[in-house]
Amino acid sequence: MMNIKTNLIFLFFISLFFSCTTNKQIDLIVYNAKVYTVDSLFSTVEAFAVNNGVIVETGESQSLLNKYDAKEKIDVQGKFIYPGFYDAHAHFFMLAEAMDEVNLVGSKSYEEVIQRLKTYVEANPNKKWIVGNGWDQNLWEDKNFPTRDSLDKYFPNIPIYLTRVDYHAALANGKALEKAALDSAYFVEGGVISVNKEGLPDGILIDNAMGLVQSHIPKEQNSALLKILRRAQDSLLSVGLTSIVDAGLNKDQIESLKIFYNEDSLAIRDYAMVMATDESIKEYLRSGTFESDRLTVRSFKLMADGALGSRGACLLHPYHDAPTSGFLLKSPEEFDKTIKKLANSNFQVNTHAIGDSANRIILDTYGKYLKDGKNRRWRIEHAQIIAPNDFAKFKDFQIIPSVQPTHATSDMYWAEDRIGPERIKGAYAYKKLLEEYGLLALGSDFPVEHYNPLYGFHAAVARVDKVGFPKGGFQMENAISREQALKGMTIWAAYSCFQEKKRGSIEKGKDADFVILEDDIMTAENEKLRDIKTLRTVIAGQTEYLRK
């Protein structure tokens with residue numbers, strides 16, 4: 001009897017020993033860090049555990065190390081961790097293409113544009129088209145739009161197409177116009193074919209007129225397209241981006257993404273907006289929304305007007321520096337018809353609106369179909385200039401302001417010249433928009449602006465450019481706090497895409513998307529923010545970028 005009891009006691013202690021020392025097997029523990037979880041309390045922790053790409057627990061380093069047996073352990077050595085950065089408005093394909101094009105960003109004159117073109121043509125003698133991007137006449141001594149004359153002089157035999165920095169105007173040479181059979185000017189709804197003194201096209205095409213030439217530029221095949229997308233992805237991962245909103249893709253681009261993601265050829269998460277045309281609306285309303293682990297298609301992108309820099313933004317009153325009020329890209333009746341159709345679907349509606357007139361028309365049209373009080377999370381992209389009486393409509397109709405802070409610090413040099421001292425008070429008014437709706441979705445609009453999310457973070461909180469101009473900040477009454485800015489590029493961006501339950505914060509049950517930085521953006525001095533380096537970018541528990 002005694003032996004039986006002794007054996008039972010022995011077996012009990014053995015089982016107790018193994019139950020205490022056999023830890024749960026998981027994939028990853030990240031520890032010895034300052035982790036900004038961006039949860040509802042904006043709390044910080046030391047560590048978190050990951051299994052199958054999902055966060056299973058957060059807490060103290062030693063506690064998690066004692067509890068779990070991980071295949072991989074990352075000792076962060078006191079560095080700083082944030083949820084993976086989420087760019088709420090970007091252009092992935094445009095960035096990928098721009099990397100192969102003539103870079104005209106920062107050109108100080110039209111002469112410098114010509115010189116950069118000469119250098120590019122010499123280095124790429126076999127190109128059938130020369131495509132460039134990034135010129136901005138506002139940076140030149142002569143702030144008038146350039147014309148095709150110099151292009152025709154130096155490049156008479158090869159078609160050239162150069163988009164302005166905002167991608168809402170382009171300059172084409174005579175050969176490019178010839179390829180498009182564009183030898184005379186005519187009315188284009190929502191666009192302009194600019195003419196010279198003789199009434200002939202001078203090479204400048206604005207908004208909807210751009211497609212007349214752009215449609216003739218040869219398209220990349222899928223194998224080449226994947227290559228340039230992966231190169232662009234490498235750049236995005238290197239600055240901590242784990243998710244992006246692709247703000248306006250055509251059917252071919254979306255179907256290519258479906259193929260690439262199905263083959264696991266891309267890592268970054270992509271919330272793709274369908275560019276709204278009659279054809280695409282018919283097609284995607286028929287096929288319905290689409291969601292995989294890394295690709296989501298459940299929204300349409302509408303374009304209400306153009307850009308402020310090219311005077312295509314639609315204003316309630318004429319520009320301060322030109323006898324025009326800009327224009328809509330479609331009639332109000334057409335917008336109403338489209339939005340009504342989408343209101344009866346499961347798709348989100350997101351509309352580019354820059355000018356105060358365009359914003360008013362879209363806000364009122366949204367409101368017409370959102371009177372049921374349901375929060376459909378429809379968005380206005382940019383919300384750049386808002387009339388005083390229209391701010392409240394974001395709250396009244398539950399419309400998300402999707403804004404890009406670096407636009408404020410890029411446009412501030414000339415924006416008041418465009419719209420005058422009174423209207424500028426309602427421009428780039430991020431804090432006012434935040435107060436009305438309760439959150440902001442923050443993006444960059446890359447490649448219009450740089451893709452580094454810390455540039456946008458810096459612009460949002462300091463309201464200055466890269467050299468600290470202007471002293472004291474641009475319209476500081478509309479700066480937002482660091483906590484608000486971090487939320488805007490993580491949890492609020494995720495919310496604007498219906499993904500706040502899956503990503504946007506470091507919490508149990510959420511995707512293990514996170515970024516490790518060398519310094520703390522929540523406490524570093526303003527002038528240091530843009531230079532803080534990304535040490536590691538992780539998506540679903542897998543390291544996709546590691547700084548060497």
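User: Why is Glu 381 called buried?

Analyst: In this predicted model, Glu 381 has a relative accessibility of 0%. Buried means under 20%, so Glu 381 counts as buried.

User: What makes the contact between Glu 381 and Arg 379 a salt bridge?

Analyst: The N to O distance between the two side chains is 2.8 Å. The cut-off is a nitrogen of Lys or Arg within 4 Å of a carboxyl oxygen of Asp or Glu, so the pair qualifies. Arg 379 is also buried, with a relative accessible area of 0%.

User: Why are Arg 116 and Glu 112 called partly exposed?

Analyst: Arg 116 has a relative accessible area of 26%, and Glu 112 has 25%.

User: What does the salt bridge between Asp 321 and Arg 311 tie together?

Analyst: The closest N and O atoms of Asp 321 and Arg 311 are 3.2 Å apart. Both residues lie in the loop between β18 (295-303) and α11 (332-343), so the pair ties together parts that are ten residues apart in sequence. Asp 321 is partly exposed at 31% relative accessible area, and Arg 311 counts as partly exposed at 23%.

User: How many helices and strands does the chain have, and why is it called as compact as a globular protein of its length?

Analyst: The chain has 19 helices and 25 strands. Its radius of gyration is 26 Å, close to the 24 Å that the globule rule gives for 548 residues, so the chain is as compact as a globular protein of that length. The C-alpha trace spans about 115 × 55 × 55 Å along its principal axes.

User: What share of the chain is buried?

Analyst: Buried residues account for 58% of the 548 residues. The accessible surface comes to about 24300 Å², and 50% of that surface belongs to carbon and sulfur atoms.

Notes:
Residues numbered from 1 in each chain as written. Predicted model: local features only at pLDDT ≥ 70, side-chain atom pairs only at ≥ 80, totals over all residues. Heavy atoms only, no water. Helix = DSSP H or I, 4+ residues; strand = E, 2+ residues; numbered from the N terminus. Rg over C-alpha atoms; globule rule 2.2 N^0.38 Å. Buried < 20%, exposed > 50% of the residue type's maximum accessible area, 1.4 Å probe, protein only. Areas by Shrake-Rupley, 256 points an atom, 1.4 Å probe, with all protein chains shown as cover.
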